[in-house]
Amino acid sequence: MSQNNRLVIFDTTMRDGEQSPGASMTKEEKVRIGKALEKMRVDVMEAGFAAASPGDFEAIQAVAAAVRESTVCSLARAVDRDIEQAAAALKLAERARIHTFIATSPIHMQYKLRMEPDAVIEQAVRAVTKARNLVEDVEFSCEDAGRSEIDFLCRIIEAAINAGARTINIPDTVGYAIPEQFGKTISTLMQRIPNADKAIFSVHCHNDLGLAVANSLAAVQNGARQVECTINGLGERAGNASLEEIVMATRTRQDLFNIETGIDTTHIVPTSRLVSGITGFPVQPNKAIVGANAFAHESGIHQDGVLKHRETYEIMKAEDVGWGANKMVMGKHSGRAAFRSRLQELGVTFDTDAALNEAFARFKDLADKKHEIFDEDLQALVSETVSASVPDVYRLVSLECHSATGETPVAELVVSRKGEEHRSRAEGSGPVDAALKAIENIAQSGASLLLYSVNAITQGTDSQGEVTVRLEKAGRIVNGNGADTDIVVASAKAYIHALNMLVSASERTHPQNDGV
């Protein structure tokens, strides 16, 4: 396949996606996502911003060591320290890319950088040259390109390509672009820049006006051959272009795009669920491709048409994107070998036998409560096992709730704090409210509850409920996750997980105002 007919998929779920408030990922969670993206055959994955924090540096290192087939990338501002940190974090990568950027719009150069245009070009060239001396694969981004002047973009991009950048990214950083205008910007740049043929042009679109995917596709129609996107459209503010929508749009409408990606689309839905479970951002039911209703038909006319000939109302096959692709069900008679094998197929491995044994024990406990255990249950189980690696300051020992019509719900529980058991009783508007109030009576955390979300992991009344609790204290936002067939227990687990993350020493800092 020629380069002109190949669309590079650049996933930034672990970097821009993580910058969604509350979507912070641990090192282990990033490795799980990285392996899932590799299995999907994503071309490039941006694992983080190495200079942002020690935690981000270590996570990029871990992803670089774990992923062999895809290129692993780190973002870096156009400054020496950032570029050096990125190169160091990527040292173990089979394929490494440094993605360096600088703002190019008049408003950013004047008020944020406080630099003259010529000085911005000089700094960009220095950054690309330095990065190119450390790795072979360098990408350069013009931050806020959507509001930059075309003449200046032509100058800085030509200089960056001459300095060694082989991918040029044109981001719509604030989600301001309109498809026709954005597509024209891409074609104009590629026509006017003398050395444009020496680089792949890329786009990174934000969804502030709901146009991220439309803008990205307009750019592809006008010559862009890399799209930066995220699983489930995760990202800052309203999010980024959705990977699954970009991939399936170009695949379904080959008549218009005449390009191909290397993506194995059967892994789209499992990866979507993995990211949703890790970040605590549920997928809306009517979300294209991966939403629960994406292939559901309520109308009798639609149902009749689909039964007679699927293509009457379905333009894609559900199984092509991973819906119902795997029918294997595990239960209480499944052994350790089958458990390990199925997790490996899902891209999950354990560093130690102790971690495997802990996960298997949780599996057996769940199997006693739930007759059939599906892949989604296993993903939630692994998330819960990983959550247990957070310093165990608080631990749920026992929980009893009473709720009856016409009576105020009451929760009584025992929570261990640093090994010492504490009892608490509280009333609430419902059993969950009472349970969380009882926990807070013990913790006295002073944290604000920003989000409480419940999702059924699978179908059926015996489904596990997966709960996400988002807490904020002193500017720090954390997500706690918990899963159980009893939704009140799942809620208590999630709240306690969030409390443990709040009191843990591992601080996470996101450069919310510095990025494409």
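The paragraphs below lead through a predicted model, from its confidence to its barrel, its packed helices, its cysteines and its aromatic rings.

Residues are numbered from 1 along each chain as its sequence is written, and side-chain values use heavy atoms, with hydrogens and water left out. Because the model is predicted, local features need pLDDT of at least 70 and side-chain atom pairs count only at pLDDT 80 or more, whereas totals for chains, interfaces and linings use all residues.

The pLDDT, which is the predictor's confidence in each residue on a scale from 0 to 100, averages 88 over the protein, and 91% of the residues score at least 70. Over residues 297–309 the value is below 50, and this stretch has 14 contacts in the model beyond near neighbours in sequence, a contact meaning heavy atoms within 4.5 Å. Residues 505–513 also have a pLDDT below 50, with 22 contacts beyond near neighbours in sequence. Where pLDDT is low, the predicted coordinates should not be read in detail.

Helices (H or I, at least four residues) and strands (E, at least two) are DSSP runs numbered from the N terminus, and two strands pair if DSSP finds at least two bridges between them. On these terms, eight strands form a closed barrel in the order 1-2-3-4-5-6-7-8 with parallel pairing, and the twist from one strand to the next averages 25 degrees.

Helix 4 (residues 106–113) lies across strand 4 and strand 5 (137–143) and runs at about 85 degrees to strand 4. Helix 9 (residues 243–252) packs on the sheet, where it touches strand 1 (8–11) and strand 8 (226–229), and its direction makes about 170 degrees with that of strand 1. For these angles, axes are lines fitted to C-alpha atoms, for helices over the stretch in contact, and the values run from 0 to 180 degrees between N-to-C directions.

With a disulfide taken as a pair of cysteine sulfur atoms within 2.5 Å, the count comes to zero. Cys205 is in no disulfide, and the nearest cysteine sulfur, that of Cys229, is 10 Å away. Cys205 counts as buried (under 20% relative accessible area, with a 1.4 Å probe and protein chains only), because its relative accessibility is 0%. Cys229 is likewise buried, with a relative accessible area of 0%.

Finally, rings of Phe, Tyr and Trp (its six-membered ring) pair if their centres lie within 6.5 Å, which gives four aromatic pairs. Ring pairs link Phe339, Phe360 and Phe363 into a cluster.

Terms used. Buried < 20%, exposed > 50% of the residue type's maximum accessible area, 1.4 Å probe, protein only. Phe/Tyr/Trp six-rings, centres within 6.5 Å; stacked < 30°, edge-to-face > 60°.
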